[in-house]
Amino acid sequence: MALEAIPHCVAARFGTGSAHGERAMIEEGSSGRSGAGRLRAEFLALFVLSPIVMAIVVPPQHMFPVLFAMTAIGLVLLHRTATFRWRDLFAGRDSIDWAWIWLIGLLVMLFGTGLLWLVRPEALFSLVRRQPELMIMILMLYPLLSALPQELLFRALYFRRYRSILPRQRWAALLLNAAIFSLAHLMYWSWVVLFMTFVGGLAFAWAYEIRRSFPMALLLHAVAGDVLFLVGLGVFFYSGNVVRPF
């Protein structure tokens, strides 16, 4: 959920034709073992190996250029996914449950306030107190520059391109999604970050897959992230504070 992660989004509709049909067969598992194998290898490289390598090998000051590159690759893959159209992202905009939006904001506020009061009291509302201009900038830009690209990769790409290789049980697929979303934040080496991103990932995946609403998943993510920085939990998501345990 780092604010520094500002990837470039490609937003054009992919055309139809024979190549489109072949990709659709692969993505739906109709191409046999070779197609499924390619999807599994792609999935493991993007969602498992890349975050582990970045967390272990890449120096903290070089993390975000690498993260930008991986995000761009993910967006290209999404763009080339036969079962996906950019206009699909607007589906579910009329079924947003605002009670859930408010609830996740409240839960992040309560959790963050309690945790920081116990372990980092000096960080409570630190941006609001010391850098209000930066806080306002984060509130405005985080939804677009961080929450949006992450939802495109971890919800749209995950559930569209790789559906045929996901667990058949819906909640198992959601739990796996939350796990890889948490793993993507391993680079911070913080149990707080891993816990929050797992719970958040589960909520965002539920909104996308169960409620069938990308707009709701994006709003949940945007509100959670904005409140996170508002409370002061951004101290855990700052690459300059990364301390590796080895």
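The structure is a predicted model, in which local features need pLDDT of at least 70 and side-chain atom pairs count only at pLDDT 80 or more, whereas totals for chains, interfaces and linings use all residues. Residues are numbered from 1 along each chain as its sequence is written, and side-chain values use heavy atoms, with hydrogens and water left out.

Arg212 is located in the loop between helix 8 and helix 9 (214-231), and its phi is positive, at about 55 degrees, although the residue is not a glycine. A positive phi of about 50 degrees is also found at Trp189, likewise not a glycine. Most residues other than glycine have a negative phi. Trp189 belongs to the loop between helix 7 (170-183) and helix 8 (191-210), and its relative accessibility of 27% places it in the partly exposed class.

The protein chain contains 9 helices and 0 strands, assigned as DSSP runs (H or I of at least four residues for helices, E of at least two for strands) and numbered from the N terminus. Of its 246 residues, 47% count as buried. Among contacts (heavy atoms within 4.5 Å) between residues at least 6 apart in sequence, 80% join residues at least 24 apart.

Helix 2 (residues 33-56) and helix 3 (residues 63-79) pack at about 175 degrees with their axes 11 Å apart; axes are lines fitted to C-alpha atoms, for helices over the stretch in contact, and angles between N-to-C directions run from 0 to 180 degrees. The two helices are therefore roughly antiparallel, the term for angles over 145 degrees. Glu42, Leu46, Ser50 and Met54 of helix 2 meet Met63, Val66, Leu67, Met70, Gly74 and Leu77 of helix 3. This contact comprises 7 nonpolar, 2 polar and 1 charged residues, where Ala, Val, Leu, Ile, Met, Phe, Trp, Tyr, Cys and Pro count as nonpolar, Asp, Glu, Lys and Arg as charged, and the others, Gly among them, as polar.

The axes of helix 4 and helix 8 come within 12 Å and cross at roughly 170 degrees, so this pair is also roughly antiparallel. Helix 4 contributes Trp100, Ile104, Val108, Phe111 and Leu115 to the contact, and helix 8 contributes Trp191, Val192, Phe195, Met196, Ala203, Phe204 and Trp206. By class, the contact has 12 nonpolar residues, with no polar and no charged residues.

Beyond its neighbours within four places in sequence, Phe236 is in contact with Leu115, Leu116, Val119, Arg120, Tyr188, Ser190, Val192 and Val193.

An unreviewed UniProt entry places the feature "transmembrane region" at several spans, including residues 171-188 and 194-210; such annotations may be inferred rather than shown by experiment, and positions follow the numbering used here, with feature names shortened. Residues 171-188 are 72% helix and 0% strand, with end C-alpha atoms 27 Å apart. Residues 194-210 are 100% helix and 0% strand, with end C-alpha atoms 23 Å apart.

Conventions
Parallel < 35°, antiparallel > 145°, perpendicular 65-115°, else oblique. Buried < 20%, exposed > 50% of the residue type's maximum accessible area, 1.4 Å probe, protein only.
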